[in-house]
Amino acid sequence: MAIAFPVRLGAAENTLIEQLKSVGADATAERITVAGLPTRRVEAYHYTDLKLLLKAIPPLAQAANEASAPALRIAGAYQLMIANGMIQSHATAPAGVIVGKAAGTALSTRDDVLVHLNGAFARQSLTLTLENSVDTVIQIDRRIEGLAAHAADSVKIFVADGASATIIETFSGSDAAHVGNHATYVALGKDARLTHITVDLSARAVSHFATNEYHVGEGANLRTLVVHAGAGLARTHVFPRYEGTGAHGDITGLNLVSDGQHADITMDALHAVPHTTSQPLFKSIARGRGKSIVQGKLVVARDAQKTDAKFMHQGLMLSDEAEILSKPELEIYADDVVCGHGSTCGKLDEDSMFYLMSRGIPKEEAETMMVRGFLDELVDPIEDEALAEALHGVIDGWLLGK
Amino acid sequence: MANYDDIPTLKENIDRATVDSVRSLDVDKYKYGFETIIESDMAPKGLSEDTVRFISAKKNEPQWMLDWRLEAYARFLTLSEPTWAKVHYPAIDLQDMYYYAAPKSTPAPTSLDEVDPALLAMYDKLGIPLREREILAGVERPNVAVDAVMDSVSVVTTFREELSKVGIIFCSISEAIREYPEMIQKYLASVVPVSDNYYATLNSAVFTDGSFVYIPKGVRCPMELSTYFRINEKKTGQFERTLIIAEADSYVSYLEGCTAPMRDESQLHAAVVELVAMDNAEIKYSTVQNWYPGDKDGKGGIYNFVTKRGDCRGANSKISWTQVETGSAITWKYPSCILRGDGSRGEFYSIAISNGRQQVDSGTKMIHLGKNTSSRIIAKGIAAGFSDNTYRGQVSAHAKATNARNFTQCDSLLIGDKCGAHTVPYIESRNGTAVFEHEATTSKISDDQMFYCQQRGLSEEDAVALIVNGFVRDVLQHLPMEFMVETQKLIAISLEGSVG
């Protein structure tokens with residue numbers, strides 16, 4: 001019996017409505033007009049109130065005519081680039097990789113404002129088909145360049161039956177106050193294996209939004225890692241769906257937040273069929289007045305017996321003013337399952353610090369060592385050495401870049 | 001007329017009744033579902049400003065109380081029903097119920113002899129000891145002071161004189177409004193503000209009765225205090241209001257029980273309970289909630305929308321909530337602690353059992369505001385039949401809550417494949433020195449455990465009851481003795497027929 005109060009629209013919402021109308025997305029425009037951007041009353045946005053946080057929307061992105069330096073170089077990786085929503089020319093793909101292009105967004109329709117906006121604004125999707133085992137790491141370099149722009153882009157990845165690959169997507173660009181809305185759709189065929197990493201290295205002025213949708217097939221094995229280490233406001237919404245018997249997912253994520261930053265990883269996982277497993281693991285490190293949010297929901301469908309899922313979130317506070325907020329959720333409709341979640345939060349262990357310092361290690365170095373140790377669990381499972389090294393570089397860069 | 005000196009004790013009666021219902025499997029398991037025919041004085045049907053005035057007049061309330069209620073009613077009109085809980089029910093028609101129903105009897109009975117015998121017989125049947133006895137059947141047992149509330153009025157409060165000797169006030173809230181207005185004005189709505197939420201605001205406007213407890217400084221309450229709530233009339237809503245104040249260095253343990261007749265239509269129960277603990281005071285609040293849960297198809301049953309909150313106002317104060325939730329068609333209840341005083345401590349122990357078409361959305365909030373505050377949450381949810389059982393909780397540490405500590409464990413057990421168990425914790429740390437730990441698991445009773453028990457000669461149902469009792473033991477041990485035995489039996493009853 002919710003009484004609908006007329007929503008007062010802010011500057012950001014009005015700009016969005018105009019932009020939506022200019023691309024003919026009247027239904028989405030209507031939706032924003034009626035409901036506005038999601039507030040904390042919308043559960044998925046409980047800690048990331050877009051109505052409050054998004055003050056302004058820059059003009060829609062035009063084709064980029066300049067390029068900043070790549071944010072992350074991975075030795076030996078095959079490079080693809082999307083700038084301001086447009087797919088750029090690329091070198092010949094390694095054997096087993098087919099690169100293509102499709103119109104519109106790759107995401108499935110769902111009741112989520114950012115998904116609707118991506119659907120309205122993403123003009124094309126980069127498509128990647130992996131036909132067999134690909135050893136070369138594939139890097140998709142997604143940029144927003146030039147003056148402040150509102151850009152949407154989309155990637156569709158299909159890993160064929162029995163194929164395997166490692167893909168890293170990086171988000172960066174110029175220092176302007178962009179709003180980026182990025183989409184990735186991933187489908188894994190029977191017994192396929194994929195490591196999929198997304199790293200936000202945008203400038204502090206940027207608002208970064210990403211939606212990652214995963215469909216994990218029979219016997220397939222998915223490992224993902226989301227790293228937020230750039231934008232002032234970052235949110236990645238991950239939707240893994242375990243659709244075939246024996247499907248497994250290691251969905252992981254890391255929020256590295258400094259003073260004034262707000263990073264949010266939200267996972268909505270669905271175990272749709274019997275005998276699927278997942279081990280989501282998320283970590284938060286916050287310093288200054290940084291704010292890290294991790295929400296993770298595990299839904300086990302009515303007949304998905306023998307599901308084994310364990311969600312874990314660990315937060316580390318490096319300052320007294322930091323905030324770490326988490327909401328792990330279980331929604332379980334099958335009785336023969338083992339599901340759990342844990343969430344802990346605290347500061348660095350004083351005993352361990354004392355141990356290191358009593359052995360002559362300076363405080364800062366001891367702290368760095370412990371943080372590295374805390375994060376090894378996320379980086380260690382990544383097999384490609386050059387890639388793991390690049391990720392360690394991102395973490396060290398954050399640790400040293402106070 | 002029955003001899004009231006022979007009223008069986010709570011424990012004994014329940015033992016016998018439990019055994020009976022366990023034996024007769026075909027009979028509906030809810031044994032408090034009878035209706036007592038007592039002539040009642042009712043308010044006109046529906047909710048309006050006149051209803052609020054009617055209730056206030058019936059209670060002979062002073063003008064300030066009426067004004068307070070009217071203000072709450074005005075606020076209520078601006079609010080809409082919350083929809084975030086994981087419960088589904090047809091819209092409640094607030095105009096199609098009575099807000100006041102009182103058994104007609106002598107205006108103010110001074111002794112039990114003046115109370116309607118039919119009423120006493122009802123409490124007799126429920127096993128509530130209204131006679132003040134010290135010794136029963138040669139066995140000395142601790143006394144329990146009872147405030148019995150039926151529909152909208154408090155029928156009787158026992159042991160008042162003995163309690164007043166040590167300065168404790170234990171009476172109905174209506175009486176307290178007349179006798180101790182300065183205390184009510186100071187504390188009422190100081191923990192749950194008038195417009196805290198939809199149901200609390202409705203309660204503020206139309207609350208009818210409940211208990212008032214005041215424990216003076218340094219007093220350890222010599223006996224357990226309890227309130228027994230009974231809904232009897234058709235189409236009435238019960239809006240109880242309880243206020244407990246524990247002054248510095250005091251201690252009180254308070255029990256609450258509730259039942260209602262079996263009816264096809266659902267009835268609304270919207271209570272507000274406020275606890276205030278000053279320096280070093282401790283309040284232990286235990287509930288066995290056994291409202292009528294509706295029949296196996298989900299017809300009828302009580303809608304239980306309750307706001308319970310404790311304020312650890314003083315340094316090193318402690319509030320502990322223990323609840324056993326087995327009844328109600330819908331439970332919407334989050335007994336919470338505001339840990340304001342430095343070094344204060346909040347505890348929440350809960351067992352929520354749902355069967356049939358029951359829907360439970362329950363949990364707690366631990367709001368850490370003071371330094372060195374700690375809290376502990378242990379919640380066990382058991383879902384059977386077609387029910388949904390949700391734990392929803394919040395733990396938050398304010399920026400000034402240095403060294404806040406929390407440990408949370410919530411486990412769910414599913415019995416059958418048509419039910420659901422859900423966990424929704426909000427964990428908010430805004431202080432670097434806060435340490436929070438949260439764990440949750442969901443599982444079913446393993447075949448190995450069942451095999452082990454059955455191999456040793458236990459029936460399937462006994463085995464389930466045994467395993468479940470083990471599962472909830474962490475919570476049970478925090479219940480006062482009076483409740484422990486009853487609760488163990490309740491668990492067996494609620495789960496009966498859910499095996500397989």
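This briefing describes the chain contacts, strand pairing, nonpolar core and confidence of a predicted model. Local features are given only at pLDDT of at least 70 and side-chain atom pairs only at pLDDT 80 or more, while totals for chains, interfaces and linings use all residues. Residues are numbered from 1 along each chain as its sequence is written, and chains are lettered from A, with ligands numbered from 1, in the order in which they are written. The model scores ipTM 0.85 and pTM 0.86.

**Confidence**

- Chain B has a mean pLDDT of 82, and 86% of its residues reach 70 or more; pLDDT is the predictor's confidence in each residue, from 0 to 100.
- Over residues 1-28 of chain B, pLDDT stays under 50, and the model has 35 contacts beyond four places in sequence for this stretch.
- Residues 133-141 of chain B also have pLDDT below 50, with four contacts in the model beyond near neighbours in sequence.
- Where pLDDT is low, the predicted coordinates should not be read in detail.

**Interface between the chains**

- In chain B, 34 residues are in contact with 34 residues of chain A (contact: C-beta atoms, placed from the backbone, within 7 Å).
- On the side of chain B that touches chain A, the elements giving two or more residues are β24 (405-415), β25 (420-429) and β26 (435-444). Strands are DSSP runs of E with at least two residues, helices are runs of H or I with at least four, and both are numbered from the N terminus.
- The residues on that side of chain B comprise 13 nonpolar, 14 polar and seven charged. Here Ala, Val, Leu, Ile, Met, Phe, Trp, Tyr, Cys and Pro count as nonpolar, Asp, Glu, Lys and Arg as charged, and the others, Gly among them, as polar.
- Strand β19 (residues 323-332) of chain A runs antiparallel to β25(B), to which six bridges join it; two strands pair if DSSP finds at least two bridges between them.
- Within β25(B), Thr423(B) stands opposite Leu330(A).

- Chain B contains twelve helices and 26 strands.
- Of the 500 residues in chain B, 54% are buried (20 or more other C-beta atoms within 10 Å of the residue's own; exposed means 12 or fewer, partly exposed in between; C-beta atoms are placed from the backbone).
- Among contacts in chain B with a separation of 6 or more, 83% join residues 24 or more positions apart.
- The largest nonpolar core has 257 residues, and Val213(B), Ala246(B) and Ile283(B) have the most contacts inside it. Such a core is a set of buried Ala, Val, Leu, Ile, Met, Phe, Trp, Tyr and Cys residues joined through C-beta atoms within 7 Å.
- Beyond four places in sequence, the contacts of Val213(B) include Ile169(B), Phe170(B), Leu225(B) and Tyr254(B).

**Chain A: strands around Val99**

- Val99(A) lies in strand β3 (residues 97-103) of chain A and counts as partly exposed because it has 16 C-beta neighbours inside 10 Å.
- Leaving aside neighbours within four places in sequence, Val99(A) is in contact with Leu80(A), His90(A), Ala93(A) and Leu128(A).
- Seven bridges pair β3(A) with strand β4 (residues 124-130) of chain A in the antiparallel sense, and Ala102(A) stands opposite Ser125(A) in β4(A).
- β4(A) pairs in the parallel sense with strand β6 (residues 150-159) of chain A over six bridges; Leu128(A) has Ile157(A) in β6(A) as its bridge partner.

Note on methods: Contact = placed C-beta atoms within 7 Å.
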